Amino acid sequence: MAATAPATTTAAAGAHSVFVYGSLMADEVVSAILNRVPASSPALLTDHHRFSVKGRVYPAILPVESKKVAGRVIMGISDAELVVLDAFEDYEYVRRRVQISLADTAETMLADTYIWSDAKDPDLYGEWDFEEWKKLHMKDFLTMTLGFMSGLEQPEPKTRVETYQSFMHEVEQPESDTKVKS
């Protein structure tokens, strides 16, 4: 008799696919959030554009006709992991179901992704670059992410945006708390 999979498998818990296009393309960030690196594949999202956001080191996407966003689809995300990703993306993004194309096969599939919540945000500009982000910002962003994740376990956790803002303030002005007024 063949053994059946236990009811706690990812599929039983609601396997989701999530298209990622910014900091979550880095396995280190995904691992910090999910405590694992799920299977993933290069993917394209058509009719969207990836913007830089003034005052942020992470990107935003919005629907823009005739544009494409290259990213990855992470697969086998459980319901509980999707809740954690929602908390990480915070109020700046809304989760939407989109059709993506797998870059290797051109096969299409549905996946969740996080769209910038303010389509008229004046702080959106240009094009965000993942390779530049990895060189300039990934180390600090990973530190902030680890702080956010440990903060989620607190009775009154900070939102990811609050964690990001306070962390970046400390990075930009590390001596401000130690200066003595004369």
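Two residues are in contact when they have heavy atoms within 4.5 Å of each other. By that rule, and leaving out residues up to four places away in sequence, Phe-141 touches Ser-23, Val-29, Val-57, Tyr-58, Phe-88, Trp-133 and Tyr-164. The model is a predicted one, so local features need pLDDT of at least 70 and side-chain atom pairs count only at pLDDT 80 or more, while totals for chains, interfaces and linings use all residues. Numbering starts from 1 along each chain as its sequence is written, and side-chain values use heavy atoms, with hydrogens and water left out.

Phe-141 is buried, at 4% relative accessibility (buried means under 20% relative accessible area, exposed over 50%, partly exposed in between, with a 1.4 Å probe and protein chains only). Trp-133 is buried too, at 1%.

Now for the rings. Those of Phe, Tyr and Trp (its six-membered ring) pair if their centres lie within 6.5 Å; planes under 30 degrees apart are stacked, over 60 edge-to-face, and the rest tilted. The structure holds 10 such pairs. In one of them, Trp-133 and Phe-141 have ring centres 5.6 Å apart and planes at 75°, so the pair is edge-to-face. Both belong to a cluster linked by ring pairs, which also includes Tyr-58 and Phe-88.
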